Amino acid sequence: AMILMTGVTSQGAADLRSYCRRLRARLGNTKLFVLQPLLLSGDLSRDAQRLRDAGADVVVSTIQELLSALESIYPEAPRPPTKQSGEVALKAVGAH
């Protein structure tokens, strides 16, 4: 199981840390992912470390980083279809 949390304001960082602590206490083995876009503008290493200290397993600042982290942790998970495979599927059912 996994939980993804995101924060969109700088004031939300304290809330995210609190959520991480509480979720870690209740759901010990659940993977906690934090997407915090505002880490791009601040001290990434300090803020990310504080979230990890609070219980987050993965802290990222972009969706691409999140997808990469998910792929490395869950390599057997199904992938969304690419545009090309979607077009092939549509042609197979007769859609144009």
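Of the 96 residues of the protein chain, 25% count as buried, meaning under 20% relative accessible area with a 1.4 Å probe, protein chains only. The model is predicted: local features need pLDDT of at least 70, side-chain atom pairs count only at pLDDT 80 or more, and totals for chains, interfaces and linings use all residues. Residues are numbered from 1 along each chain as its sequence is written, and side-chain values use heavy atoms, without hydrogens and water.

The protein chain has four helices and three strands. These are DSSP runs numbered from the N terminus (helices H or I, at least four residues; strands E, at least two). Along the sequence the pattern is β-α-β-α-β-α-α.

The three strands form an open sheet with parallel pairing, in the order β1-β2-β3. Strands pair if DSSP finds at least two bridges between them. β1 (2-6) and β3 (58-60) stand at the edges with a single partner strand each, so one side of each lacks a neighbour in the sheet. The twist averages 15° from one strand to the next. Strand β2 (residues 31-35) pairs with β3 over three bridges, in the parallel sense. V34 has V59 in β3 as its bridge partner.

Two helices lie across strands. Helix α1 (residues 12-26) lies across β1 and β2, at about 165° to β1. Helix α3 (residues 63-73) lies across β1, β2 and β3, at about 165° to β2. Axes are lines fitted to C-alpha atoms, for helices over the stretch in contact, and angles run from 0 to 180 degrees between N-to-C directions. Contact means heavy atoms within 4.5 Å. Among contacts between residues at least 6 apart in sequence, 67% join residues at least 24 apart.

Notes. Buried < 20%, exposed > 50% of the residue type's maximum accessible area, 1.4 Å probe, protein only.
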